[in-house]
Amino acid sequence: MPAYRNVHRRRSRRWSAPAPLIAMGLAGIMVLSGCVAAEPEPTVPSKVFTDQELMAVGYAMLGERGLNPNFVDDSQITRTSFDTHPISPLQYTMQPAECSAFHLPTSDEALKDLSVGFAMGAVPLLDETDPTSQIRFTIRSAEAGRLAVADFDYTDEILSRCAQFTATEVGTDAAPQTLMMITPPSVGDRSYALMGRPDAQSGATGVGLRVLAGTISISMFRAVPSLKSEADAKPTLDAMAGVAKELIHQSLKHPPVVTPPPANAMSPQQLTDLLQSVSGPGGKKVDTAAGTVVDGTSVGPMEKCTYSDGTYYSALRGSTWVGGEFPASMTTMGSTLFIAGLTVNLVSMPTGAAQPYPFDKRAADLRDCPVIQEQVFSDTASSSTSQWTSIRRLGLDVAADSTYAIAHEHPDSGVWHLFVGARKGTLSVELATIWPVGSDPQPRADEMAAVINELFAKAGQPAGGT
């Protein structure tokens with residue numbers, strides 16, 4: 001289905017007595033009873049939320065379900081990634097054309113509009129590693145009237161004429177996708193839903209729902225195979241309605257509280273500028289992502305003799321971070337041309353960070369543990385583990401408070417995986433690369449040490465800091 005796939009049905013209003021008559025009746029009751037009518041509790045939020053507050057709403061919803069909060073993406077990182085590496089937004093031609101009213105904003109549109117709060121994530125229903133078992137959701141926040149115009153700009157007549165329509169991706173030879181409106185659940189102020197069903201040309205199927213609730217607009221999609229009728233879509237639609245209600249509840253009953261991160265020795269921009277000022281092997285400059293503050297959503301404590309970026313960065317909440325990659329270098333191994341890039345991560349801890357530092361614990365494990373388990377978190381926040389074999393400790397000529405340098409032979413690819421790192425005061429640097437097993441990895445570690453030394457020299461970070 002298209003990236004904006006959903007369809008709405010305006011919720012029907014049942015007839016009721018005119019408002020003045022109702023008010024008069026209530027007034028009479030209050031006079032006779034001497035009671036004061038309680039203020040009705042709001043059913044939709046009226047506050048406009050920031051990116052961080054919407055992320056907190058998502059965290060709370062997942063927490064109520066006992067799910068990993070890492071299923072909510074970091075909005076700041078997502079926005080800056082799109083700024084740094086923009087992509088062409090998906091565009092579709094609708095038939096009939098007026099059915100273009102039923103769409104979700106492309107990622108490009110949603111992320112670049114800084115005046116609208118934004119967060120996105122996923123809710124796994126079954127297997128956390130299976131994308132088809134996940135509901136992808138996006139929450140946007142702005143004034144209610146603005147969201148209504150942006151997301152529900154159509155009339156009942158258009159709604160009726162778009163009971164079924166097609167969407168064709170512009171600039172490709174992809175087959176048109178057939179979309180049909182389905183009855184939306186009763187949630188929020190307004191909602192619309194649609195499903196994509198396979199036809200002779202396209203087998204793509206899925207279910208989408210969009211909900212307007214006061215100052216938030218919720219868009220959801222799930223890929224569902226073999227949709228033949230609305231009845232096939234109903235279980236997914238019911239699950240989406242549950243997610244929407246929980247998000248509304250969390251935004252309304254439990255206003256999100258965002259704790260400001262502690263002060264850092266270096267800001268994200270300073271850290272980015274520092275990394276861009278140094279040269280890698282061969283004098284090459286680094287390609288960086290935008291710096292950010294580590295959100296530090298917990299995925300569990302750091303475990304001994306386990307190499308896990310997930311738990312490591314969870315322990316670094318409030319630190320500033322920037323990452324990048326130096327362009328790949330080439331070396332000839334016999335008759336084989338070997339090409340390897342060099343990744344680098346810089347972290348500046350808060351000035352009041354307490355010991356023991358996460359870096360020092362990682363360094364001690366990598367220096368001392370005879371066996372190391374690597375834990376890798378996927379984009380779905382699930383994890384897998386593998387055991388490092390053929391471990392070799394390397395030398396690292398760096399003046400620092402804490403260091404490590406290690407290589408392990410990957411059993412499948414036949415290459416060394418090199419990891420080196422160092423901390424001076426509140427600043428830590430970590431680099432990683434691969435190298436052919438038939439070659440000594442120590443010279444490559446020496447090149448990595450040179451990068452670290454240049455970074456520390458330009459940062460002016462003294463050893464023996466906090």
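Me: A salt bridge is a side-chain nitrogen of Lys or Arg within 4 Å of a carboxyl oxygen of Asp or Glu. How many salt bridges does a search of the whole structure find?

Reply: The search returns 15 salt bridges. This is a predicted model, in which local features need pLDDT of at least 70 and side-chain atom pairs count only at pLDDT 80 or more, while totals for chains, interfaces and linings use all residues. Residues are numbered from 1 along each chain as its sequence is written, and side-chain values use heavy atoms, with hydrogens and water left out.

Me: With which residue does R362 form a salt bridge?

Reply: The partner of R362 is E430, and the closest N and O atoms are 2.9 Å apart. This pair links distant parts of the chain, since R362 belongs to helix α10 and E430 to strand β18 (residues 427-436), 68 residues apart. Helices (H or I, at least four residues) and strands (E, at least two) are DSSP runs, numbered from the N terminus.

Me: Are R362 and E430 buried or exposed?

Reply: A residue is buried under 20% relative accessible area, exposed over 50% and partly exposed in between, using a 1.4 Å probe and protein chains only. R362 has a relative accessible area of 5%, so R362 is buried. E430, at 6%, is buried as well.

Me: Which residue does D360 meet in a salt bridge?

Reply: The side chain of D360 meets that of R423, with 2.9 Å from N to O. Here too distant parts of the chain are linked: D360 is in helix α10 and R423 is in strand β17 (residues 415-424), 63 residues apart. Both D360 and R423 are buried.

Me: Where do E454 and K458 lie?

Reply: Both are in helix α11 (residues 442-459), 4 residues apart, which is about one turn of the helix. Elsewhere, a network of salt bridges links R140, D151 and R210.

Me: How many disulfides does the structure hold?

Reply: A disulfide is a covalent bond between the sulfur atoms of two cysteines. The criterion applied is a pair of cysteine sulfur atoms within 2.5 Å. The structure holds 2 disulfides. With bonded cysteines counted along the chain, their pattern is 1-2, 3-4.

Me: Which parts does the pair of C99 and C162 tie together?

Reply: The sulfur atoms of C99 and C162 are 2.0 Å apart, and with -100° about the S-S bond the link is left-handed. C99 lies in the loop between β1 (92-95) and α4 (107-112), and C162 in the loop between α6 (156-161) and β4 (164-169), so the pair ties together parts 63 residues apart in sequence. C99 is buried at 0% relative accessibility, and C162 is buried at 0%.

Me: What is the handedness of the disulfide of C305 and C369?

Reply: C305 is joined to C369 with 2.0 Å from S to S. The torsion about the S-S bond is about -75°, so this disulfide is left-handed. Distant parts of the chain are linked: C305 is in the loop between β10 (292-293) and β11, and C369 is in the loop between α10 and β14 (372-377), 64 residues apart. C305 and C369 are both buried.

Me: What lines the largest cavity?

Reply: Rolling a probe the size of a water molecule over the atoms shows where empty space is left. On a 1 Å grid over the protein atoms alone, a cavity is a set of points where a 1.4 Å probe fits but cannot get out, and lining residues have an atom within 4 Å of a point. Grid points are joined across faces, edges and corners, and a volume is the space filled by probe spheres set on the points. There are 2 cavities of 30 Å³ or more, and the largest has a volume of about 80 Å³. Its lining includes C305, Y307, Y312, R362 and D365. The elements giving two or more residues to this lining are β11 (306-308), α9 (309-314) and α10 (358-368).

Me: Which residues have the most contacts inside the largest nonpolar core?

Reply: A nonpolar core is a set of buried Ala, Val, Leu, Ile, Met, Phe, Trp, Tyr and Cys residues joined through side-chain atoms within 4.5 Å. In the largest core, of 37 residues, those residues are I218 and M220. Among the elements that each supply at least two residues of this core are β7 (206-213), β8 (216-223) and α7 (230-253). The largest share, 7 residues, comes from α7.

Methods
1 Å grid on protein atoms, 1.4 Å probe; cavity = no way out; pocket = protein on both sides within 12 Å on 5 of 7 lines; lining within 4 Å.
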